[in-house]
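This report describes one protein model, starting from a single helix and moving out to the sheet and the chain as a whole. The sequence and structure are shown first.

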Amino acid sequence: MSEDQAAALRKARQAGPGSAERLPGRLRCIAVASGKGGVGKTFVSVGLGYSLAQTGSRVLVLDADLGLANVDLQVGADPTYTLQDVLFGTCTLEEAVVALDNGPSLLAAASGAPEMVELGSARRQMFVDELLRFAAGYDYLIIDVAAGIGGNVTNFLAAAPEVLVVVANEPTSVMDAYALIKTICRQPDPPFIMTVINMVRSEAEGRTLARHLDGITRKFLGVELTLGGIIPYDVVVTHAIRARRPVVLYAADSAPAKALKGLAGYLAFGKTVLAGRRDVQKPFFDKLVDIGKT
């Protein structure tokens, strides 16, 4: 890592989540990523989207897993149009976005569409321009990117000033999370990186895992990670997913739902609080236009 990259990372870390110094404007763009699948990345994206919406914020969740999209399945939505239709001119962005009951708006993606995995730069730029115009009316844009470090993943991550890396307590998840963070750190203007520890048996287990990953990134990358939240394992999450409902609605008083609300409170207000406050709105603008330049 170069000295310039290290300096940029230190500046981003010191600024913290939602720093006005990083991004002037209205919209906050937060990408939710993971080094590998199966660690609950989409569950976090959905829960965060609903929790932020419950603070009174306008939230748009974008399913950016261009090959294996499933946000719509987790929220029980059956959209008429998807991101694929927008990109190929079947409908407008306004027509594709669905307002979810008691939650955010959703721009779903098509699952199992190989043509979506390798998009040409012209179509991608067209989508970026249209999305920027539309998303200007929102407070938050939550991007649920695909797992791993493929080309489409890094494009979206490069556009997000804030990235949540979801990690589970298993060796492959930690190793792949490190590889993802390393990839993010190579960007000329690295984002603010937070970890979300998911599916742990206790807060102590979560903090131990967070310290372990932070120790690795400090040693080999010179990067200090911020712990955004710890979400405990609970079978109610499986029940909620099977019911096609977000856990914050399906079991609002469960430990995972409260943890997601705490994460939303930390992102929105700079401290862990339960959702419900409406008196604080922080203005931000994202860098999505950079997607079409890569």
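## Helix α9

Helix α9 has 15 residues and spans 21 Å from its first C-alpha to its last, close to the 21 Å expected at 1.5 Å a residue. The expected span of a helix is 1.5 Å times one less than its number of residues. Helices (H or I, at least four residues) and strands (E, at least two) are DSSP runs, numbered from the N terminus.

Ser173, Val174, Ala177, Tyr178, Leu180, Ile181, Ile184 and Cys185 are buried in α9. They cover an arc of only 165° around the axis, so they lie on the same side of α9; the arc is that of the directions from the helix axis to the C-beta atoms. An α-helix has 3.6 residues a turn, so residues three or four places apart point the same way. On the face of α9 turned away from its buried side are the exposed residues Pro171 and Met175. Buried means under 20% relative accessible area, exposed over 50%, and partly exposed in between (1.4 Å probe, protein chains only).

## Basis of the model

The model is predicted: local features need pLDDT of at least 70, side-chain atom pairs count only at pLDDT 80 or more, and totals for chains, interfaces and linings use all residues. Residues are numbered from 1 along each chain as its sequence is written, and side-chain values use heavy atoms, with hydrogens and water left out.

## The sheet

Eight strands form an open sheet in the order β3-β4-β2-β5-β1-β6-β7-β8, with mixed pairing. β3 (98–99) and β8 are at the edges, each with a single partner strand, so one side of each has no neighbour in the sheet. Two strands pair if DSSP finds at least two bridges between them. Strand β2 (residues 59–64) and strand β5 (residues 140–145) pair in the parallel sense over six bridges, and leucine 62 stands opposite isoleucine 143 in β5.

Helix α9 (residues 171–185) packs on the sheet, where it touches β1 (28–33), β6 (162–168) and β7. Its direction makes about 165° with that of β6. Axes are lines fitted to C-alpha atoms, for helices over the stretch in contact, and angles run from 0 to 180 degrees between N-to-C directions. Contact means heavy atoms within 4.5 Å.

## Strands β7 and β8

Strand β7 (residues 192–200) runs parallel to β8 and is joined to it by six bridges. Methionine 194 is opposite threonine 226 in β8. Five of the seven residues of β8 (residues 226–232) are buried, so this strand is largely enclosed by the rest of the structure.

Together with helix α10 (residues 203–221), β7 and β8 make a right-handed β-α-β unit. A crossover is right-handed if, with the strands pointing away from the viewer, the path from the first strand over the helix to the second runs clockwise. α10 lies across β6, β7 and β8, at about 140° to β7.

Most residues other than glycine have a negative phi. Methionine 199, in strand β7, has a positive phi of about 60° and is partly exposed at 35% relative accessible area. Asparagine 102 lies in the loop between β3 and β4 (105–107); its phi is near 55°, and at 64% relative accessibility it counts as exposed.

## The chain as a whole

The protein chain has 13 helices and eight strands. Of its 294 residues, 56% are buried.
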